[in-house]
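Visitor: I am new to this structure. Please show me how to read it.

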Amino acid sequence: MTASVLSLELSELELKRGDRLLVSGLSFSLRPGQLALVTGPNGCGKTTLLRTIAGLARPAAGSIRLGGQLVTKLEPIDRGHIAYQAHLEGLKKDLTVRENILFFMEIRGVSDSEHEVMQELGIEAYADRSLRQLSAGQKRRVALAVLKLGGAKLWLLDEPLTNLDPEGRELVSGWLNQHLADQGMAIVATHLAAELKRPGSLLVEL
Amino acid sequence: MAGSAFLSILRRDLRLAFRRVSEWANPLLFFTAVAGMFPLALSPDRLAMSPGEGELYGLQSLGIGVLWMAALLSSLMGLDRLFLNDADDGSMEQLVLSPAPLLSIVYGKLAAHWLVSALPLILLVPVFGLVYQLTADAIAMLAFALFLATPALTVLVAIGAALTVNVRSAAAVIGLVVLPLCAPILIYGARATALALDAESAAQPLYLIASFTFLAVSLGPIAIAAAVRVGLE
């Protein structure tokens, strides 16, 4: 799969949680450099949609293709094109920020110096503090920083602005702009669509 | 990528285990308590197994069973957390989505768990062998047979843990599912040790344990990886 020509294709998607139908007949496509904002009330299936696009859950019907391949059948190496940031941070509370970042750098095959990476991500100020000692907003910032490691082309963000202060929101918004300018794609589930909306972005209401 | 993912997860899990003392100390304390306290509950005059054999032989024979049982039960301790910790904080999702093969991640987690929970028991065996007055040969055999058998125990219990990752308070369920599967290991392990105590060749039970472990270690992680993936859906 060539990273430069990746596009995402959702076709007649049907999502269920247990027996409950959440989404049906959802189709849209996303091209490089494009952002999709997924909105809707709590419980409408925003997180389920993101998890399904990430390949963590299977759709009840329909298909999701990244670069022409079904996301549930991606080779491990191609999974690196998708980065998903969920409600849960996916970080270890007993490790320091540096140890968490180093782990994700190793596992995603990023060979840069961790010092530079953390400086670039704006988290070097608390690099040697354990996650336990960080505020919810700081943890969110570290988790979003992890998203940038490995250069995934498709970002899936679940309420990325939760717990962030204005400075953090600006930082994340800047990362998103940069990612889209670099021909990346992003799907963001949010209640703050107005804040994240950009020209040409797709609005998906569930 | 596969090798480095194995090492990365191994290092991470070892570091986490040493920061959460209870993780490696609990199985060890359990093993120590059971193996150490058991002789206190025995009446020396009732230990003679048959008129021809003395109390010592009775104590040794019981000791072999107790040490194997204690090792088996302590290997069950904490295993419900093996995948639950990663599922609870969202890191399992990140691991499954990472470009590293899930199988090498599973192997890394199992290796870390074995190093933290089984290796210390094997190192403690000589001490408890002496408590039960086992011969040097029997102690060496017990340690070696445990060394061969514990990887299979780790894999079997991990299959149970991976299958029950969405079930709260799953420890009892894991025990029920997994203990019968561990029975062959227990039987042949205890048999190998008893044969060494009688200064006879223990090759046959050892071969059986080794083949069981080979099977568990080569196929088990495939089942674990599949169970982890299904558990996230």
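Guide: A residue is buried if 20 or more other C-beta atoms, placed from the backbone, lie within 10 Å of its own, exposed if 12 or fewer, and partly exposed in between. Of the 206 residues of chain A, 42% count as buried. This is a predicted model, where local features need pLDDT of at least 70, side-chain atom pairs count only at pLDDT 80 or more, and totals for chains, interfaces and linings use all residues. Residues are numbered from 1 along each chain as its sequence is written, and chains are lettered from A in the order in which they are written.

Visitor: How many helices and strands are in chain A?

Guide: Helices (H or I, at least four residues) and strands (E, at least two) are DSSP runs, numbered from the N terminus. Chain A has 7 helices and 9 strands.

Visitor: Which residues touch the most other members of the largest nonpolar core?

Guide: In soluble globular proteins, nonpolar side chains tend to be buried together. A nonpolar core is a set of buried Ala, Val, Leu, Ile, Met, Phe, Trp, Tyr and Cys residues joined through C-beta atoms within 7 Å. Here the largest one holds 132 residues, and Leu156(A), Leu67(B) and Ala158(B) touch the most other members. Helix α7 (residues 136-163) of chain B gives the largest share of this core, 18 residues.

Visitor: How many residues does each chain give to the contact?

Guide: Two residues are in contact if their C-beta atoms lie within 7 Å. Chain A gives 25 residues and chain B gives 22 residues. On the side of chain A that touches chain B, the largest share, 4 residues, comes from α3(A).
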